[in-house]
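Hello,

Here is the structure we talked about. Please open it and read the notes below alongside it.

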Amino acid sequence: MGQSHSSSSAGAAPAPPAIPMGPVVPTSLLAPAMSSAPGMYLRESNSSLRSTARSPLYISMPETDDCVESSEVDGPDYTSDLPDDILACIFQFLSTGDRKRCSLVCQRWLLVEGRSRHRLSLNAQSEIIPLIPCIFFRFDSVSKLALKCDRRSISISDDALILISNLSKNLTRLKLRGCRELTDVGMAALAKNCKGLKKLSCGSCTFGTKGINAVLDHCSALEELSVKRLRGMNDRGVAEPIGPGVAASSLKSLCLKELYNGQCFERLVVASKKLRTLKLFGCFGDWDRFLETVTDGNSNLVEIHLERLQVTDMGLSAISKCLNLEILHILRTPECTNLGLVSVAGNCKLLRKLHIDGWRTNRIGDEGLIAVAKQCTNLQELVLIGVNPTSSSITAVASNCQKLERLALCGSQTIGDKEISSIAAKCTALRKLCIKGCPISDHGMEALAWGCPNLVKVKVKKCPGVTCEAVDSLRARREALIVNLDAVAVETLDASTSDGGAQEDGQEPPPMAGT
């Protein structure tokens, strides 16, 4: 496959029609991992190529005769007999760098590689505007597009977004980051041209509620909407209500992050009867009333994330109306207490995953966790950060939640050897265990050597009472068990999650694979 085409090879397929050779494209306009275009600037994700990516490169498109004739290559070109769709399938198995190199072999490979690429990420600087027709002529099958611009650059404007939407009417996923020159006008045109959009994620842009409403009014297939730091909405005044629009009939996931007027999405949430996931991160204002309104009669919500919000037990009581709730994150919400958690546990008996970051306020503890242990017996994943449970609640969880597979205990001053021994003796289904910043010792590790028969991975971090000798002994006793030890002294503990649910800083739960 690495040989170049030879026009004199026996049995060679007819040469593909020549494609127009556009202008030379600066490599700094294509972002990593999604693009592999010659004639475009690739910022490769491989660390070996990072040094090259820092300075703009200019790679011209191969000319008609370039790489087609080569006096140094002998023998037939076996790839000439491959249909284009088979060649495209082969390209799908290659890395970004290899696809880029393949596209430089000949015109046919350039054409097939471009038309078989469905994902593209562009540095959405204003300099890219003259090159948009050339880019989207080559990548004419793109359905997933990311447009990102850094803070120091001027982003594309409405005209560029309108042109892109006219050239990419098959878009199903769009991510906008840092496009500060876009307004409601550009978003309205995008919505009309790309009515098949299924996923929209926008952050640090300047359009406002009218732009979001345009998408909701025209994109009837929209399933996921993520809005982060939308500057056009960050007006402390009364914001225009958002939704519902035709998208309300298809919307399944909504994520709001760092908004002043996030409550204006209330009408959309209420009307979205298929909504299954609601994530609220760091949004300003009181959210109790919002939760009371949107959960009234909405039994389809399966996943709710609350992080850095002004929400109380009233909000948790409202969430308890979601009888089909399976995943709940309560992170850094200092006004939530045991009372609210007891309410959730009493009604949401299908709960599978529970993450709690108590922020060391000690307002959620034994009472709430014992209620979860008694009522939510389907629990498979439990993450406790900055929570101080005693052996009574830990024993209740270990005894009643027989399906528990993943457990993380981070930054707790009350989790010691006694609690770990209880987990080892009673959590027979446990597969992954993370202990971070807890006062356990070698005795706790010794208990794990004889318990938790299905355990496959243990991560111990910032627990100075655990020695390397105890870890070696555990490995010797259970050779198939993966044990990671980091006995660095405990630092200031701070936990928060991104809108993807992964920890950003401070305490972190173990990688929780599976659902």
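**Two helices side by side**

Helices α12 and α13 run roughly parallel to each other, because the angle between them is under 35 degrees. This is a predicted model, so please keep that in mind throughout. The angle itself is about 5 degrees, and the two axes lie 8 Å apart. Helix α12 covers residues 338-347, and helix α13 covers residues 366-375.

Which residues in α12 and α13 meet? From α12 come N338, L341, V342, A345 and G346. From α13 come E367, G368, L369, A371, V372 and Q375. Six residues of this contact are nonpolar, four are polar and one is charged.

**Backbone points to check**

Most residues other than glycine have a negative phi, and most peptide bonds are trans.

Start with the loop between β7 (224-228) and β8 (253-257), where P244 lies. The peptide bond from G243 to P244 is cis. Its omega is near 5 degrees.

R229 is in the loop between β7 and β8 too. R229 is not a glycine, yet its phi is positive, at about 45 degrees. Is R229 buried or partly exposed? Its relative accessibility is 30%, so R229 counts as partly exposed.

Now go to the loop between β16 (457-461) and α17 (468-477), which holds K462. K462 also has a positive phi, near 55 degrees, and is a residue other than glycine. K462 has a relative accessible area of 10%, which is under 20%, so K462 is buried.

Best wishes

Notes
Residues numbered from 1 in each chain as written. Predicted model: local features only at pLDDT ≥ 70, side-chain atom pairs only at ≥ 80, totals over all residues. Heavy atoms only, no water. Axes fitted to C-alpha atoms, helices over the stretch in contact; angles between N-to-C directions. Helix = DSSP H or I, 4+ residues; strand = E, 2+ residues; numbered from the N terminus. Parallel < 35°, antiparallel > 145°, perpendicular 65-115°, else oblique. Contact = heavy atoms within 4.5 Å. Nonpolar A, V, L, I, M, F, W, Y, C, P; charged D, E, K, R; others polar. Buried < 20%, exposed > 50% of the residue type's maximum accessible area, 1.4 Å probe, protein only.
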